[in-house]
Amino acid sequence: MAKIILQTDPEAGVAGVCWFAYPRVMNWIEEKVKEDKNAFKGLKALELGAGTGLAGIFLALCGATTTITDRAEIIPLLNINIKLNNVSELATAAELEWGEAIQNIDTPIDILIVSDCIYNLQYGPQLLDSMKELSGPNTRIIFAYSTRNKEG
């Protein structure tokens with residue numbers, strides 16, 4: 001499998017590091033590629049609340065055209081990681097605020113990755129709204145979550 005280089009930024013808060021559910025998502029992607037080396041070639045993928053962009057970068061390395069999204073202040077970190085991994089031809093970073101109208105993203109998405117992107121469940125309805133707007137009847141949604149904030 002491809003070697004991935006990531007810049008992290010603990011000063012960026014929860015978005016600047018990789019969290020506990022990422023290994024499950026990465027294992028899923030790796031298993032699909034083991035079954036079929038072209039499993040993601042030509043597909044449109046999007047990672048919501050990407051933080052470092054690990055899963056989106058891996059999908060781009062596997063041939064998917066990938067949009068890696070997060071809040072505006074995280075986009076510079078995503079762009080650094082896209083460049084570090086030489087996936088600029090297949091991966092782009094884009095600002096996406098959950099619950100707001102989706103702009104400049106070609107929907108529906110084939111593969112939607114949501115990995116440990118919600119820390120406070122009060123934002124759950126907005127996350128679901130965005131997931132619905134990005135998805136179509138054939139979208140495969142990979143949702144991985146680990147509890148980090150037991151208070152909400």
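A salt bridge here is a side-chain nitrogen of Lys or Arg within 4 Å of a carboxyl oxygen of Asp or Glu. By that criterion, Arg71 and Glu73 form one, with 2.7 Å between the closest N and O atoms. Please keep in mind that this is a predicted model.

Arg71 is partly exposed, at a relative accessible area of 31%. Glu73 counts as exposed, at 54%. The pair also belongs to a network of salt bridges that links Asp70, Arg71 and Glu73.

How many salt bridges does a search of the whole structure find? The count is six.

One joins Glu31 to Lys34, and its closest N and O atoms are 3.8 Å apart. Why are these two separated by about one helical turn? Because they are three residues apart in helix H1, which covers residues 22-35. As a general point, an α-helix has 3.6 residues a turn, so residues three or four places apart point the same way. On accessibility, Glu31 is partly exposed at 41%, and Lys34 is exposed at 58%.

The other joins Lys32 to Glu35, with 3.9 Å between the closest N and O atoms. Lys32 and Glu35 are likewise three residues apart in H1, about one turn of the helix. Lys32 is partly exposed, with 22% relative accessibility. Glu35 is exposed, with a relative accessible area of 60%. With the cut-off for a salt bridge at 4 Å, the 3.9 Å of Lys32 and Glu35 is within it.

Now the strands. Strand E2, residues 65-70, pairs with strand E3, residues 91-95, in the parallel sense, and the pairing runs over five bridges. What sense of crossover do E2, helix H3 and E3 make? They form a right-handed β-α-β unit, with H3 spanning residues 75-84.

Helix H3 also contains Leu84. Leu84 is partly exposed, at 36% relative accessible area. Together with Ile5 and Ile80, Leu84 makes a nonpolar surface patch of about 230 Å².

Next, the interior. Is Ala45 buried or exposed? Ala45, in strand E1, residues 44-48, is buried, with a relative accessibility of 2%. Leaving out residues up to four places away in sequence, Ala45 touches Leu59, Ala64, Thr65, Thr66, Thr67, Ile109 and Ile111.

Just after H2 comes Gly63, whose phi is positive, about 105°.

Notes
Residues are numbered from 1 along each chain as its sequence is written. This is a predicted model: local features need pLDDT of at least 70, side-chain atom pairs count only at pLDDT 80 or more; totals for chains, interfaces and linings use all residues. Side-chain values use heavy atoms; hydrogens and water are left out. Helices (H or I, at least four residues) and strands (E, at least two) are DSSP runs, numbered from the N terminus. Buried means under 20% relative accessible area, exposed over 50%, partly exposed in between (1.4 Å probe, protein chains only). Two strands pair if DSSP finds at least two bridges between them. A crossover is right-handed if, with the strands pointing away from the viewer, the path from the first strand over the helix to the second runs clockwise. Patches are made of residues with over 30% relative accessible area and no salt bridge: like charges are joined within 9 Å, nonpolar side chains (Val, Leu, Ile, Met, Phe, Trp, Tyr) within 5 Å. Accessible areas come from the Shrake-Rupley method with a 1.4 Å probe; for residues, only the protein chains shown count as cover. Contact means heavy atoms within 4.5 Å.
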